[in-house]
Amino acid sequence: MSKLEEQTSKLEISDDVRPPTPKGAPSPADTTTTTASTEKAAAKPKRVRTGCLTCRERHLKCDEALPICLNCKKSNRDCKRGMKLNFIDTKVEDTQIVPPGAEWKIEFQDESREIASDYKGGESRYPAEAMDVRPDEPVPVPQQSPAAPIPQHQKLPPMNAVPPGLPAQYPQSTRTNDQTNIGQPAHHGHNATNSISSSVYAASEHSRISPEPLPETRTSLTTAEEVLFMQVFVEEVGVWMDSMDRFKHFSRILPFFSLNEPMLCNALLACGARHLSLVNPAFHEDRATHHYDTATRALLKSLQNPNRDTIVCATAAVVLNVYEIMTERALQRMNHIAGARALIKECGWNARSQGIGLACFWLNVGMELLSCLHFNWQVAWNPDEWGVDLTMQRDNGAGNEEAWTYKMVYITAKVANFRASIPRFQEPNPTVQAMRIQRRVEEWNTYKKLCDNWLECIPLTMHPLGYLSPQQTATKSQFPEIWYVKRVSITARLFYHTAMCLLPQMHPGMPADSGDMYTMKMHHVYQICGIVAHVKDRGVASIAIRTLAIAAECLTEFKQQAEILTILEKIRKETGWRIDFIGPELKQKWGWTDEYVYSQQRRASTSSIFSGMMQSPPAYHTSYETPATSINSSPQSAHRESTAGIALPPVVATAPPAAMPKFPSGIVNPMFRNADFSGPQHPYQNEYVPPIQRHNEGHAIYSMVHAHWR
């Protein structure tokens, strides 16, 4: 027998004489199986709970490194952080098909809190657990907590946090049974089957509650505070938001539609409360901040729902953007400026849209254009992509003023881009430099021709109905009184004169102080100053402020400059706009110093006394058509003019208000640079979910418009 056979037989004998296994002890085979299972389980990677969303989408194990994990760093990807919970909708049979029995009862089990507790910071996003209240026990009523203090830097509020002092008429869950569709009208049902998400109901994970009855549809505001804030919005804020809207959506239609849209209603109330706090110190800013936070929270929650009402979301974002512009530190609180633009593009709104889409588009574009005129920026949204109809034919009718206003806004935007793109250096090659100048001269002539054609073709209702020279005005103003009947005509003419005031200052081949360019510039400067100095419509205040600041930079006479400061102060008191920075900027450009102001005041006083002794009438500009002949900053001209009706600034030196931050000029508007959801750095990074595409036709806002103007 070989050695191998002997060893084999010994092994077989040892297997046969193996001692028995004690009762209750695991067998060797079971022990081997258990050990293998344990080793396999240990070899399986442990699931990561706090990894990044990018690794989860790629089905990779994240090392949880901060701020960028190793996988994203190697692949040069955006390391996204946050929560991403997926809930399965539960479909309930329609009660009309299955008749309820005697003991028919529907209960909902919410496990979202338990699932979220597995994630870092997940449970903190849920409000306090609901208490089980017996029918025979009285329901405790919480006391009204004091309003939160005003933060120094406005941040987007957490989505599910309940703000202090939340009024009973604006709870987080409102009239619809599907609360994930915040902002959707009640008549926008998806289908006959009720689709209820288990993440909607904020109940305890161990308790079951019955659904509460749906609240009734509101037909009017029922509290004194809401009525006051909405009145201020309609009469003070909505009027200038509708300055280019024929149907006056923001002041006449949206307040009614917002009665059953809490997100939109809170946005409107926030603007009204904010304006009231600006013009009346008795009203604190905390109520405006509260409504702003509530509307923002609802908007962020809606953006996570793909079935959201995109029209209501975009409209609310536009209104919240207006609120941010009204704040004292607007540039520090721009949470919705890019988001509103991105939502407008998502809805497909442009100059060819109708209804609320057209109103939101032009309001958003107009606000950006005013900022670009101030900071010398290029408009982020190329005006050639707006879809404006530039057909120039003489209009002998009336009622189409808004269309002509849109054309002029387009032309002004092109002029703003032309100014912001002025070359900062010369080409080293003289031939290349000459060709560049020639191209810019041709472009300048194109914009000048567009302005001239626009003026020739506009209807008669966009021309002034009255004109008084400075010596005819009762206020003894330094500027003519120009009277336009319609608000939209004032808006269009201010944009027109601004474009015509900027063009002669940037002609590529002629200096700005040359005869023709200077005369053209000063003519339109006087037109702007005359319109703003005598306008009584506060609905054009936002446009009047910026255009007046541009025109005032060209003034050289002390009395005219002093009257500009008086006009700006009047606008600030009436509208509450934070324009304190404009005065110091103008004084710096005018070269004002304390010694200069003092000398001008003494000179004006001497001139006034001398004029009274000689009994000679004051001299004014006789014609606004040729202001170049009357623009003179010499001492002789100062002695010839009277100070009647002009409030000169005081000599006492005071600390100037904080000036707005200076931004580099000639660049694309940085606030709108990423205003597109198709880019990697789009707004609402952690909340946005692409929506299910819907059509604007048939929306409740459009129905209200058609019914209102039928």
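Which residues does the UniProt annotation "domain: Zn(2)-C6 fungal-type" cover? According to that unreviewed entry, residues 51-81; UniProt positions follow the numbering used here, feature names are shortened, and annotations may be inferred rather than shown by experiment.

A note before the views: this is a predicted model, in which local features need pLDDT of at least 70 and side-chain atom pairs count only at pLDDT 80 or more, while totals for chains, interfaces and linings use all residues. Residues are numbered from 1 along each chain as its sequence is written, and side-chain values use heavy atoms, with hydrogens and water left out.

**View 1. The annotated stretch, residues 51-81.** Here the chain is 35% helix and 0% strand, with end C-alpha atoms 8 Å apart. Helices (H or I, at least four residues) and strands (E, at least two) are DSSP runs, numbered from the N terminus.

**View 2. The largest nonpolar core, with 145 residues.** A nonpolar core is a set of buried Ala, Val, Leu, Ile, Met, Phe, Trp, Tyr and Cys residues joined through side-chain atoms within 4.5 Å; buried means under 20% relative accessible area, exposed over 50%, partly exposed in between (1.4 Å probe, protein chains only). Phe250, Trp362, Trp386 and Ile564 touch the most other members. Helix α12 (residues 355-375) contributes the most, 14 residues. Apart from this core lies another, of six residues, including Cys52, Cys62, Cys69 and Cys72.

**View 3. The surroundings of Ile564.** Beyond residues up to four places away in sequence, Ile564 touches Phe479, Cys529, Leu548, Ala552, Leu555, Leu586 and Trp590. Contact means heavy atoms within 4.5 Å.

**View 4. Helix α15, residues 487-502.** Its 16 residues should span 22 Å at 1.5 Å a residue, and the end C-alpha atoms are 23 Å apart, which agrees. The expected span is 1.5 Å times one less than the number of residues. Because 15 of the 16 residues are buried, α15 is largely enclosed by the rest of the structure.

**View 5. Thr412 in helix α13, residues 401-420.** Thr412 counts as buried, at 1% relative accessibility. Setting aside neighbours within four places in sequence, Thr412 is in contact with Leu369, Leu373, Phe495 and Ala499.

**View 6. Residues 609-661, where pLDDT is below 50.** pLDDT is the predictor's confidence in each residue, from 0 to 100; the chain averages 74, and 63% of the residues score at least 70. Beyond near neighbours in sequence, residues 609-661 have 90 contacts in the model. Where pLDDT is low, the predicted coordinates should not be read in detail.
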